[in-house]
Amino acid sequence: MSLLPQLIEQIKEEFQNRYEAVPSWVVAAPGRVNLIGEHTDYNDGFVLPMAIDRYTVIAAAPAEGPKANLFSVNKNESAEIIIDGIVNPDEKVEWSSYVQGTVSCCREEGFISRPFNALIHSTVPLGGGLSSSASLEVATATLVERISGKKFEPVAKALLCQKAEHLFAKMPCGIMDQFIATMGVEGQAMLLDCRSKKMRMVPLTDANIAILIVNSNVQHELTGSNYAERRDQCRQAAEILGVPSLRDANLLRLEKAKDALGDVLYRRAKHVITENFRAGALADMLALADWESCGRHMYASHESLRDDYEVSCDELDLLVNIAKSIGMEEGVYGSRMTGGGFGGCTVSLVRAGRAVAIGEAIKTRYMEKTGIEPTVFSTKPSQGAMVIL
Ligand code: ADP
Ligand code: MG
């Protein structure tokens, strides 16, 4: 059963307590997990995310102008944003920058909001790699749609939220997070071609299957510089391979250029080429309900990220190894790190009836080895952005 109705009831009450009025509008947008296709987005490749049953909900009502007042329950902090005129991004990124950026980008497109009071409450962990940022942006754009009485075309809405993140949060992210938060569909994952922006929805409705997310609750330093380095290595490898981007390379070409590439670029390119293949393959195997093959692709993805792309870490490897040792007989089909790496979450494909027991077992063994308590929950593919009131 979805946790969203409970969150909506709670936020209505919180809104009333804070602003002494009932909300006129309530909107929600989900976080996401990427099932496969890691570090492929900036190589014009494929990703396979799904929306999770964790949402950012915004309740709002008209206010006396000229500004909009925000309160984040998660941050326990209020903020003001500017509704009219041209707003230049601040040097310093605050949590309200995500909201300000989205409202401003909407305004540029002729979607005008009136002054409002808003309360924001999210069950997507902030900074946990499940894209609370995109869920906040997409929820904000949905609120602006609701207030202005106009609707964006969904792809335009997602791109606008991405632009807000680039300009106002100064994060040069790809399109995945905003696409899935906007266009996610219950019971479906989304195979997204990051070059053409074309989507193929992949059914994942089997009641016996659940997606288990385990947050290692570690994030190692240097994530930013490693990311820039990987991007640059991919660009270099594509140049040597004579292709516009690694999306256009294949294994035959890679093997021929092995000496020219050298060990490191060869392994980086190999990850991207094989990961693009695995993303398509996993989409096909999910649609066929071939869980065993799905699991194989997920483990292979993890090994490729660990050995060739070198973005895993001990904690993520440990979580995947624990899941693997529980094994298929006990309900684990596959497991891999998800997100940029060096910490964050793993995603596992498990038998739904065993999800709680598997989660507990992983938690116990991870804590024994690391002394760190992981956060564990299971979810089904959930619905993208929605207007609730
Ligand atoms: P992720 O998207 O993986 O959760 P990011 O660093 O991209 O991590 O985004 C997290 C940031 O987004 C937070 O630090 C905060 O500034 C902002 N944010 C997201 N959700 C909320 C919220 N409910 N309330 C306030 N700020 C939020
Ligand atoms: Mg983010």
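1. Surface. The accessible surface of the protein chain comes to about 16,500 Å². Carbon and sulfur atoms account for 50% of that area. The model is a predicted one. Of the chain's 389 residues, 56% count as buried.

2. Overall form. The secondary structure comprises 11 helices and 13 strands. The radius of gyration is 21 Å, close to the 21 Å that the globule rule gives for 389 residues, so the chain is as compact as a globular protein of that length. Along the principal axes, the C-alpha atoms fill a box of roughly 65 × 50 × 40 Å.

3. Contacts along the chain. Take the contacts between residues at least 6 apart in sequence. Of these, 73% join residues at least 24 apart.

4. Charge. The chain carries 40 positive and 49 negative side chains. The centres of the two sets lie 3 Å apart.

5. The largest nonpolar core. This core has 32 residues. The members that touch the most other members are I58, L70, I81, V99, C106, F116 and L143. Several elements give two or more residues to the core. The helices among them are helix 2 (96-108), helix 3 (132-148) and helix 4 (154-168). The strands are strand 1 (25-34), strand 3 (49-62), strand 4 (67-72), strand 5 (77-82) and strand 6 (116-122). Helix 3 gives the most, with seven residues.

6. Which residues is L143 in contact with, leaving aside its neighbours within four places in sequence? They are W25, V27, I58, A60 and F116.

7. Q233. This residue lies in helix 6, which covers residues 223-241. Is Q233 buried or exposed? Its relative accessible area is 11%, under the 20% cut-off, so Q233 is buried. Neighbours within four places in sequence aside, Q233 is in contact with V264, L265 and R268.

8. N208. Where is N208 found? N208 sits in the loop between strand 8 (199-203) and strand 9 (209-219). Its relative accessibility is 51%, and the cut-off is over 50%, so N208 counts as exposed. Not counting residues up to four places away in sequence, N208 touches V350, R351 and A352. N208 and H271 are 63 residues apart along the chain, and their C-alpha atoms are separated by 31 Å.

Notes: Residues are numbered from 1 along each chain as its sequence is written. Chains are lettered from A and ligands numbered from 1 in the order in which they are written. This is a predicted model: local features need pLDDT of at least 70, side-chain atom pairs count only at pLDDT 80 or more; totals for chains, interfaces and linings use all residues. Side-chain values use heavy atoms; hydrogens and water are left out. A nonpolar core is a set of buried Ala, Val, Leu, Ile, Met, Phe, Trp, Tyr and Cys residues joined through side-chain atoms within 4.5 Å. Buried means under 20% relative accessible area, exposed over 50%, partly exposed in between (1.4 Å probe, protein chains only). Helices (H or I, at least four residues) and strands (E, at least two) are DSSP runs, numbered from the N terminus. Contact means heavy atoms within 4.5 Å. The radius of gyration is taken over C-alpha atoms; the globule rule is 2.2 Å times the number of residues to the power 0.38. Accessible areas come from the Shrake-Rupley method with a 1.4 Å probe; for residues, only the protein chains shown count as cover. Lys and Arg count as positive and Asp and Glu as negative; His and the chain ends are not counted. The place of a charge is taken as NZ of Lys, CZ of Arg, CG of Asp or CD of Glu.
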